[in-house]
Amino acid sequence: MEATKAEEPFLRHVETDVLIPKMMREKAKERCAEKVTAFNHCCKETGFLMVFKCRDQNAALKECLTVHYRDSAFFEECKQEYIKEKLEFQRTGVAAKNRSQKLPTSM
């Protein structure tokens, strides 16, 4: 085992196969924001005919997302961020999505 692997906490199957890929999808959508916007705009403009009229936008969006999904460095980046959030949660008991919220003040 490599030194870096030994230092990483054990990740459960659900973390590597569900939670980290979910994070990857969210980040990939951010990185492909222009293509997401173009596809959404096309769908809103064409309604029921979107299946036929938005093929180009859909193909461009899928291509952009797939590039990120298949990027092992991107997976590693998301995995490290997930581990950081997991360790912080274990330390504080506060989930990452709740950390930015302000604590209630006493009255």
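A: Let us start with secondary structure, which is read as runs of helix or strand counted from the N terminus. In this predicted model, the protein chain has seven helices and zero strands.

Q: In what order do the elements of the protein chain run from the N terminus?

A: The order is α-α-α-α-α-α-α.

Q: What share of the residues in the protein chain is buried?

A: A residue counts as buried when its relative accessible area is under 20%. Of the 107 residues in the protein chain, 21% are buried.

Q: How is a nonpolar patch on the surface read, and which residues form one here?

A: A patch takes in residues with over 30% relative accessible area. Here Leu 49, Met 50, Val 51 and Phe 52 form a nonpolar patch, and together they have about 400 Å² of accessible area. Met 50 belongs to helix α4, which covers residues 50-53.

Q: How much space lies in the largest pocket, and which residues lie nearest its centre?

A: The largest pocket holds about 500 Å³ of space. Its lining comprises 16 residues, and Met 23, Tyr 82, Glu 85, Ala 96 and Lys 97 lie nearest the centre. Two or more lining residues come from each of α2 (13-31), α6 (72-92) and α7 (96-99).

Q: What classes of residue make up the lining of the largest pocket?

A: The lining of the largest pocket has nine charged residues, six nonpolar residues and one polar residue.

Conventions:
Residues numbered from 1 in each chain as written. Predicted model: local features only at pLDDT ≥ 70, side-chain atom pairs only at ≥ 80, totals over all residues. Heavy atoms only, no water. 1 Å grid on protein atoms, 1.4 Å probe; cavity = no way out; pocket = protein on both sides within 12 Å on 5 of 7 lines; lining within 4 Å. Points joined across faces, edges and corners; volume = space filled by probe spheres on them. Helix = DSSP H or I, 4+ residues; strand = E, 2+ residues; numbered from the N terminus. Nonpolar A, V, L, I, M, F, W, Y, C, P; charged D, E, K, R; others polar. Patch = residues over 30% accessible without salt bridge, like charges linked within 9 Å, V, L, I, M, F, W, Y side chains within 5 Å. Areas by Shrake-Rupley, 256 points an atom, 1.4 Å probe, with all protein chains shown as cover. Salt bridge = Lys/Arg side-chain N within 4 Å of Asp/Glu carboxyl O. Buried < 20%, exposed > 50% of the residue type's maximum accessible area, 1.4 Å probe, protein only.
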